[in-house]
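Me: I would like to learn how to read a structure like this one. Could we go through it together, feature by feature?

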Amino acid sequence: MPEKQHIVILGAGFGGLRAALSLSKKIRKGKLNAEISLIDRNAYHTYTPTLYEAATTSKETANYLQIKEIVTFPIEEIIKKTGINFIEDEVEKLDLVGGDIHCAGGRKLNFDYLVLALGSEPHHFGIQGLREHALNLKTFLDAIKIRDRIWELAESGQQTFRIIVGGGGSTGVELAGEIQGWLCELKEEFHECATKVTIVEAAPTILAGFPEKIVEAARKRIGDLGVEVLVSEAIAKADAEKITLQSGREMRYDILVWTGGVKASSLMGSLPLKMEKRGRVEVVSAMECLPQSPDLKLYGKIYGIGDAVCFYDPASGKPIPGVARAAISQADIVVNNIVNDLKGGKKHRQYKPFAYPYIIPIGGKWAIAKIGPLIISGFLGWILKGLVEINYLLSIMPLGKALRIWLKGLRIFIQNDRLG
Ligand SMILES: Cc1cc2nc3c(=O)[nH]c(=O)nc-3n(C[C@H](O)[C@H](O)[C@H](O)COP(=O)(O)OP(=O)(O)OC[C@H]3O[C@@H](n4cnc5c(N)ncnc54)[C@H](O)[C@@H]3O)c2cc1C
């Protein structure tokens, strides 16, 4: 009897968790001779679309643990009874020729199949002082740091303060709109809404790359909320009190948040895999990673999905954007291809990118959604955002639990969404 195949999935984010859950079902159903290990540095899976809400929830509304419960979900609970072996550890080094994974603390694992799903990390583009002085909005703890910093300022008695959000992509716009709305709701603590939130964006517009109608609606909404927007202005450097723009203008801040870019997990850059022009690991349409040079023999089969890799859309020639939906679709392709390999099949399924629907919430109960050609903005967009969330929760946990978490989130987050 052939040896049991070991499938190791690195990262339990949107792509990695989907791959693990779906693979485990197929392995059990097909009685395949394989086992799955899933590794993540955190014991929990994070639902990133609500991080901006976590960053703007008063301590009076919800404590750390209550917020944690609605934004992050324990992996051990999600994978219960699936046979997946979950390892909470930091992946430090990968030997793709020897087939070894090295974790912090000396743990070493062997793989036959490897799925790289390590996601991305903030990209500071080498801007002087930015890494040291700016907060990020990438993880649950990042969100909590932003909220604690805002709360610290409120409690200090300081009556006016200035928040700068570097980067006017969807994360920056969501966060700026929500902070502005939230702080104006907190007039009792601040006596008046004397807070200024500014988005600084290097491109000529916020939401660069999005359709004009979306940009226009977002610009209007963000303006109505009172957020200041500076476009075609790049941050040249940051220190503990101010940023300096490339134009020479200096802007003092109390809180600086950087949402201006992400790059693939730094572990990816060190791998002997085929890279695209900007140094990211490139995957082919079966979501497989290729060796850096044709004569290099990689161990087992190595797949890559989600934000950690670069996939060129054959239609546009451009890399597809890093969104949860893409990571999930790519996970499905990888699962299919690994199962096919395990069954001894030769044919691999190919990933075909799609114009994934998206929703950008901007302050209170307002969001703009694009589904195919349809653009929906306002309260209806916000309702859609809630439906997308419950739909996702249902894909990773039982109905009762998903509903309980979703309703709890609704009850808590609605309190900083009073604004219509
Ligand atoms: C604030 C914010 C809002 C967003 N909103 C949306 C949205 O509304 N819709 C949407 O489609 N997309 C959204 N995104 C993007 C979406 O979160 C990503 O595209 C998606 O998470 C990518 O999935 P992934 O599986 O590639 O990586 P991730 O989901 O990031 O998962 C990577 C996992 O790897 C783990 N990891 C990383 N390095 C290591 C290591 N060395 N050792 C161990 N574990 C490690 C991490 O802990 C993490 O769990 C948002 C992102 C952010 C930051």
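Reply: Of the 26 residues around it, Gly15, Asp40, Thr48, Val91 and Asp307 come nearest; a residue is near a molecule if one of its heavy atoms lies within 4 Å of it. This is a predicted model, where local features need pLDDT of at least 70 and side-chain atom pairs count only at pLDDT 80 or more, while totals for chains, interfaces and linings use all residues. Residues are numbered from 1 along each chain as its sequence is written, and side-chain values use heavy atoms, with hydrogens and water left out.

Me: Which backbone atoms lie 2.8 Å from a nitrogen atom of the ligand?

Reply: A polar contact is a pair of N or O atoms within 3.5 Å; within protein, one must be able to donate a hydrogen and the other to accept it, and residues adjacent in sequence count only if both atoms are side-chain atoms. Here, a backbone N or O atom of Val91 is 2.8 Å from a ligand nitrogen. Asp307 places a backbone N or O atom 2.8 Å from a ligand oxygen, and for Val323 the distance to a ligand oxygen is 3.3 Å. The protein covers 86% of the 990 Å² of accessible area that the ligand has on its own (Shrake-Rupley method, 1.4 Å probe).

Me: Which helix gives the most to the shell around the ligand?

Reply: Helices are DSSP runs of H or I with at least four residues, and strands are runs of E with at least two, numbered from the N terminus. H10 gives the most, with three residues; helix H1 (14–29) and helix H10 (324–342) each supply at least two.

Me: Is Thr259 buried or exposed?

Reply: Buried means under 20% relative accessible area, exposed over 50%, and partly exposed in between (1.4 Å probe, protein chains only). Thr259 is buried, at 16%, in the loop between strand S18 (255–258) and strand S19 (262–264). A polar atom of the Thr259 side chain lies 3.1 Å from the backbone oxygen of Gly167, and that side chain reaches the backbone nitrogen of Gly172 at 3.5 Å.

Me: Where is Lys81 found, and what is its phi?

Reply: Lys81 is in the loop between helix H4 (75–78) and strand S5 (85–88). Its phi is positive, about 65°, although Lys81 is not a glycine, and Lys81 is exposed at 77%. Met287 also has a positive phi, near 65°, but Met287 is buried, with a relative accessible area of 0%.
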